[in-house]
Amino acid sequence: MYDLASNRSQTAWRSKPVAKKKTEILVIGGGPAGLAAAEAASSHGKQVTVIDENPAFGGQIWRAEKSELSEKAKNLVEALEKNGVEMIASCTCVASLPDKRILALSNGKTFPIRYDKVIIATGAREQFVPFPGWTLPGVFGAGGLQALVKGGYDISGKRIVVAGTGPLLLAVAAYLKKKGGNVILIAERTDLLSLIGFGLSALRVPGKWREALELRKEIRGISYMTSSSVLWADGNGKLSRVTITNDNEESEIECDLLAIGWHLVPNLEVPTLFGCDLLACAVNADEYMRTSVEDVLSAGEINFVGGLELSLIEGKIAGHSAAENLEAARGLLAKRSRLLTFASSMLNTFLTDPEELRKAVTNDTIVCRCEDVPYGRVKDLKGFNEAKLETRLGMGQCQGRVCGSACEVLFGWEANSVRPPLVPLKISELANFETENK
Amino acid sequence: MTYDVAIIGAGIVGAACADRLSSEGLSVCVIDGPSEFAPATAAGMGHIVVMDDSDAQFALTSYSQKLWDEFASELPPEAEFENCGTLWIAADEEEMEEVDRKFWKYAEIGLTTEILDERSLRSAEPNLKKGLPGALRVPGDSVVYQPVATNFLLARAQAAGASISRNAAVSLVIDGLVETWGGERIEAQHIVISAGCGSTLLPELAKAVKPRKGHLVITERTNTTVNHQLVELGYLRSAHGTDRDSVAFNIQPRKTGQLLIGSSRQYGSDDPSADLEIVAKMMKRALEYFPSAADAQATRIWTGFRPATPDGLPYIGMVPGYEKVYAATGHEGLGITTALGTAALIADEILGRESAIPREPYSPTRIDG
């Protein structure tokens, strides 16, 4: 039986061609990969525009303290502006329009931007894995808590447990400690032997072991458990204690804040809007960062969550490649390949068995917090779309950004069902589209 | 084994047929394609509405509405069945005459409606634009969250012994036999084709059933009160026209506080992407009637394809040239409303019984006429 609706993507937006704004190379996302791409592309004399949905450039990793730009990002942004790169902050891509245009949203107003080539560098976000109590106030994503503290949230004297997996935990714990938090425990899921194995492999990459040593120094005094994870969190209206398991022994720990860090997952909404092929929950780009869609490139963590250096090098390659200077890009391919190998070994070390994660979940555990959908209501359904239709999971405010990856982990569902607009738009703004384009 | 009935298509019409026929003791097999959910059913609005474009449409929609009312108590709460009624809103005095005509038309079949003047309309729906002359209130109409209702019907059919075969795209239908692209052969005495726009796998239906594209927009939860499904009377003009793209004001309150806003009708497009200009026209139209929606945040826009027929009536019944192959398709925008009535008519025809309403107006014998 043929199926009209699923034959083609619903994600592109159709309309007649009219342009408001024009650029040769449009970069979506002003984190390390996007900024590096802009730098490389503008070095070939191309007219470049960078948009970022945050008020400041730099992405998650170079996130500014109290809205001051971090030093590294600041230098890069200044250099770009000097080169004539147009930088538009607080500007979101909400839809892909025909004739090489996007619909951008800034200050509540939409406008189209026309481009010759577009580089998508929308980075990654934290993955959330539901467990009993994860929706209690006081439970945060590790990166999310760090971002809040950078924004001025006071944690001095607060008792904090950092849990989850991966090197991010150490960095976050060190940061929280520096900011006056009383970090009482780091609970790492991975067992010690795997960690040692990873540590040895890290020695092969110059600079990595020095970074690691620095971190060790900073987190001295905090207890660090391996093979340990949070079973549940509870409290009356807000978090007051967590129950953790350590080598199959359970214990309760009183705390005010819990920072949970799992893996990062690529922000695939924008590349999906453009219709880019995906592979293994990432954009399927070639070594020159070209996606399956003509004139659409992708760089950084949307291709592979591999950290800052990989993002920077991919950004540069994408910039050269978009400026049609493959020669310049070619010189960077070997370095990228080395970084990619290291990043893959890290991913394998901290890979979490979904069976393990499911164990903590009960029928009452909320999976979709926007629509209050518990695990028990969706566990027997066949896929993300069915769950959406049956329970409205993923159809709330966050549009499945949180529960989508949670469902990928818990059920192995492919949770990619992006629809425009990527962020909510006022009805009056939708109504204006016609006149704005005339 | 040979089934009594094979049903092709597990949207709400196929699901209702499966439920009805298996409850009558027939052995039923439902066959559906690779998509997770029937696209037209999933995309629809879930408005159960009596419409009087033609006497036949009036008969089928009012009969089906009664069946929904009986069915409502069996539905799970997640189906969000709500007997909120419809307000047909007049834009001017000329349309108030249409309100009057509709009132008497509905009264003819004993359907109670109420004419609201400017003041009573204002108190019924305080967020509508001021100064609208009035509306017809049809209290018997309802809304339902149709994906849940569809799954409920399928599950009940399964519990009564029906088998459901998914991921089985049908390649061929001949008398007594359904063949899938995967090479599976399903034998059945009777074959019902309820595959919406996909019903065109039967060449006889392909001539007549054409996709008619629609758009819907849903908002975040709002505090804006909407008490009824609100539809402009001009909707009838929009629904009648066949050649031009058209939009009409149509807004549905959801239990969650979200607003579901329609509607558009376009022929000749098989492109599922949202057309921003049509959406803009829809939203303009909506704001003309319902200015309070201006600041509501739209979270999602989607499209769907209604299976439309040249005369605006569905095809229900035996397809000429076949032995016991039945159509249950071409419901256009009324598939949710008329699913239960359609299933009853199909069951009656298969079992050789009289029906509660005449079946003849829906017979596919009128194709090619």
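Analyst: A definition comes first: on a 1 Å grid over the protein atoms alone, a cavity is a set of points where a 1.4 Å probe fits but cannot get out. Please also keep in mind that this is a predicted model.

User: How many cavities of 30 Å³ or more does that rule give?

Analyst: The count comes to one cavity at that threshold. The largest cavity has a volume of about 40 Å³.

User: Which residues line the largest cavity?

Analyst: Its lining consists of B:Glu118, B:Leu121, B:Arg122, B:Glu125, B:Leu128, B:Lys129, B:Lys130, B:Gly131 and B:Leu132.

User: Let us turn to chain A. What is its secondary structure?

Analyst: Chain A has 16 helices and 23 strands. Of its 438 residues, 54% count as buried. Among contacts in chain A with a separation of 6 or more, 65% are between residues 24 or more positions apart.

User: Why is helix H2 of chain A described as largely enclosed?

Analyst: Helix H2 (residues 32-42) of chain A is largely enclosed by the rest of the structure because ten of its eleven residues are buried. The buried residues are A:Pro32, A:Ala33, A:Gly34, A:Leu35, A:Ala36, A:Ala37, A:Ala38, A:Ala40, A:Ala41 and A:Ser42.

User: And what covers those buried residues of H2(A)?

Analyst: The cover includes strands E2 (21-28), E3 (48-51), E4 (86-88) and E7 (109-120) of chain A, together with helices H3 (71-82) and H9 (308-322) of that chain.

User: Take A:Leu312. Where does it lie, and what is it in contact with?

Analyst: A:Leu312 lies in helix H9 of chain A. Leaving aside neighbours within four places in sequence, A:Leu312 is in contact with A:Pro32, A:Ala36 and A:Trp62. A:Leu312 and A:Ala36 are 276 residues apart in sequence, yet their C-alpha atoms are 5.7 Å apart in space.

User: Is A:Leu312 buried or partly exposed?

Analyst: A:Leu312 counts as partly exposed, because its relative accessibility is 21% and the limit for buried is under 20%.

User: What about helix H11 of chain A: how many residues does it have, and how far does it reach?

Analyst: Helix H11 (residues 333-349) has 17 residues and reaches 25 Å from its first C-alpha to its last, close to the 24 Å expected at 1.5 Å a residue. Its buried residues are A:Leu333, A:Arg336, A:Leu339, A:Phe342, A:Ala343 and A:Thr349.

User: How many salt bridges does the structure hold over all chains?

Analyst: The structure holds 34 salt bridges over all chains. One of them joins A:Glu252 and A:Arg241, whose closest N and O atoms are 3.8 Å apart. That pair also links distant parts of the chain: A:Glu252 is in strand E15 (residues 249-254) and A:Arg241 in strand E14 (residues 241-246) of chain A, eleven residues apart. A:Glu252 is exposed, at a relative accessible area of 54%, whereas A:Arg241 is partly exposed at 26%.

User: Which residues of chain A are linked in a network of salt bridges?

Analyst: A:Lys100, A:Lys117, A:Asp295 and A:Glu324 are linked in such a network.

User: Now chain B. Where do B:Glu288 and B:Arg285 lie?

Analyst: Both are in helix H9 (residues 276-289) of chain B, three residues apart, about one turn of the helix. B:Glu288 is partly exposed at 41% relative accessibility, and B:Arg285 is partly exposed at 25%.

Notes. Residues numbered from 1 in each chain as written. Chains lettered and ligands numbered in written order. Predicted model: local features only at pLDDT ≥ 70, side-chain atom pairs only at ≥ 80, totals over all residues. Heavy atoms only, no water. Helix = DSSP H or I, 4+ residues; strand = E, 2+ residues; numbered from the N terminus. Expected span 1.5 Å × (residues − 1). Buried < 20%, exposed > 50% of the residue type's maximum accessible area, 1.4 Å probe, protein only. 1 Å grid on protein atoms, 1.4 Å probe; cavity = no way out; pocket = protein on both sides within 12 Å on 5 of 7 lines; lining within 4 Å. Points joined across faces, edges and corners; volume = space filled by probe spheres on them. Contact = heavy atoms within 4.5 Å. Salt bridge = Lys/Arg side-chain N within 4 Å of Asp/Glu carboxyl O.
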